[in-house]
Amino acid sequence: MIQLRNLLNSDNILISLTEDIELTAPLEIANKNTIVIDGQGRYTISLNEDAKNKKNMFVLKNSNAIVVKNVTIEDYYSTAIFLYKAENVFVEDVVLKGQAITDENDTRSNVGIDLDGATAKISNIKSMNHRYAGIRVRNESEITLDGRNEHTDDKNDIDSQVKTGSKDNIINDNSSNYSE
């Protein structure tokens, strides 16, 4: 994990995972440009989030041109990928494997991808087991949905939240998988 954090101190990098990763602390990619994280379709990022002390573990903040692809993200209760004021984020061929319901307290994961004032293109995701939504869009975010996105046991496939007096979120559904 130390190697991954050290790599993220730079811009313009490609990180090709060669093994599964388990986070031991939140990973925030802030104020960076052009970073690609590629799980090569074989590897998993386990966020290792504590169910009682929910905290976003994988955050893209004030960054531009970040790509997360070909990876499974699991073991989280809040959000798999939190995009805060990030621009031009691409999430493709990603499995967002939320916690399944195990008891009456509904300890499953909240949201797969959460956009907060961000812009992103999402393609070919598989989202499952989210209490609120597979994708949440809020605070004047813009999202483009391409490819075949699948949702299983998500309360909502996509949830657009707009505060009174704010501009609408922009949802471009090129996939025709979603309807308003």
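Guide: Rings of Phe, Tyr and Trp (its six-membered ring) pair if their centres lie within 6.5 Å; planes under 30 degrees apart count as stacked, over 60 as edge-to-face and the rest as tilted. By the way, this is a predicted model: local features need pLDDT of at least 70, side-chain atom pairs count only at pLDDT 80 or more, and totals for chains, interfaces and linings use all residues. Residues are numbered from 1 along each chain as its sequence is written, and side-chain values use heavy atoms, leaving out hydrogens and water. Searching the whole structure turns up one aromatic pair.

Visitor: Why is the pair of F82 and Y84 called stacked?

Guide: The ring centres of F82 and Y84 are 6.3 Å apart and the planes sit at 25°, so the pair is stacked.

Visitor: What makes F82 buried?

Guide: Buried means under 20% relative accessible area, exposed over 50%, partly exposed in between (1.4 Å probe, protein chains only). F82 has 12%, so buried it is. Y84 has 28%, so that one is partly exposed.

Visitor: How do you know that D114 and R138 form a salt bridge?

Guide: A salt bridge needs a side-chain nitrogen of Lys or Arg within 4 Å of a carboxyl oxygen of Asp or Glu. For D114 and R138, the N to O distance is 2.8 Å, so they qualify.

Visitor: And why does the pair of D114 and R138 tie together separate parts?

Guide: Because D114 lies in strand β9 (residues 109-116) and R138 in strand β11 (residues 126-138), parts 24 residues apart in sequence. Strands (E, at least two residues) and helices (H or I, at least four) are DSSP runs, numbered from the N terminus.
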